Amino acid sequence: MKPFQAVRVSERVYWVGAVDWRVRDFHGYSTSRGSTYNAFLVEADRLTLVDTVKAPFLDEMMQRISSVCDPSKIDVIVSNHSEMDHTGALPDTVEMVKPSEVYASKMGVDALAAHFHWDREVKAVSSGDRLDLGGAVLHFIETRMLHWPDSMVAYLPEDRLLFSQDGFGMHLASTERFDDLLPMALLEEEARKYYANILMPFSGLVEKLVRDIAGMELEIDVLCPDHGPVWRKNVQWIIDKWNTWASKPKIPRGLVIYDTMWGSTGKMARAVAEGMLHKGVESKVFPLRATHISDVASELLEASALVVGSPTLNGRIFPSVAECLNYLGGLKPKGLVGAAFGSYGWSGESVKELNGILEKMKVHLVSGGFSVKYVPKDDDLEKCFELGAAVAGELLRESG
Ligand code: FEO
């Protein structure tokens, strides 16, 4: 048997994607376990390819397709999302198989044109449109800004299967193709990280999507995202998880992030965390030069407090702290209580600058923060402990 076989995921559908064991950086997101680019082949009278793969994986996808059919027999290609991890191989695929029709959302048509500057006709579909493939009908649902303007999903009622593009996915390379063949703790960790880093800013739209799916009463036995495993056992579990993350329930958990030059701000960070714990609030402490920002985002998703520490360096906050807050601010986390702290040598601007950034992020600050000249004394560390306790107290009060 040749390598790179297609994998059947339902009566009419094969997985024909690619596994990227090597990728460790996905436009700034740390993909420490690699990823997959999932493409799917629908066996109907009109043979249909749903999404493609990142450009370097064209050969792998074509070999998987060839394991079950002659690729030139593909009649239709559907592009649910124009980002290059799913369309990088699209122009070459179109060139090789010469499909009769290529479909995308209206925004997708524009996005594909802007990416590839091609004269290929791409037909636009909208929510509610159906495409009869002969023996199977694709139902399209636009999911604008989940997470790009062009995003859409396609439902195949004959197999009770939803092609959900990035939705309900994760960056996880594996030899297994299905959720029930992988540990749930691993799936939860990677799904949470994916949601936090890609979907957090669009949580209101995620809630609406989950409501819409429920309202349409779609029966989904198989959920096919464009990254990670196909869901066939825990479909409702991952939908419920997304709904929970989108609605941001108040979990009494804190996050203390900091950087330090000579250990003073680091010592303060540990005292702040002790103060939170004293009030019964568990917190995690992350030194930012030793922690990737996408891992901080993953932890922030389920946290209700964000306390930030930075030394003053050349009149500003430390670069790693600035980078992290710039990233977290873009993710628009909601409902956070927090505070700032730091050490300084002579000018001491860091706490004031941190307060301004946290206020812009709509973090509810419990105080004006606390700063220490050079090295904290015992009573300074007690004040850091009290700062952590104050944050925890407010968090618990707001959590009810
Ligand atoms: Fe997996 Fe938004 O691309």
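**View 1. Salt bridges between domain 1 and domain 2.** Two salt bridges link domain 1 and domain 2, a salt bridge being a side-chain nitrogen of Lys or Arg within 4 Å of a carboxyl oxygen of Asp or Glu. One to look for is R192 with E302, where the closest N and O atoms are 3.8 Å apart. Keep in mind that this is a predicted model, in which local features need pLDDT of at least 70 and side-chain atom pairs count only at pLDDT 80 or more, while totals for chains, interfaces and linings use all residues. Residues are numbered from 1 along each chain as its sequence is written, and side-chain values use heavy atoms, with hydrogens and water left out.

**View 2. The area hidden between the domains.** Domain 1 covers 7–247 and domain 2 covers 254–394, with bounds from an automatic or database domain assignment. Together they bury about 1200 Å², 54% of it on carbon and sulfur atoms; buried area is the accessible area (1.4 Å probe) that two parts lose on being put together, summed over both. On the domain 1 side, R192, N197 and M200 lose the most area to domain 2, together 46% of what that side buries.

**View 3. T265 and its surroundings.** T265 counts as buried because its relative accessibility is 0% (buried means under 20% relative accessible area, 1.4 Å probe, protein chains only). Its side chain makes a polar contact with the side chain of S343, at 3.0 Å; that term means a pair of N or O atoms within 3.5 Å, where within protein one must be able to donate a hydrogen and the other to accept it, and residues adjacent in sequence count only if both atoms are side-chain atoms.

Conventions:
Buried < 20%, exposed > 50% of the residue type's maximum accessible area, 1.4 Å probe, protein only.
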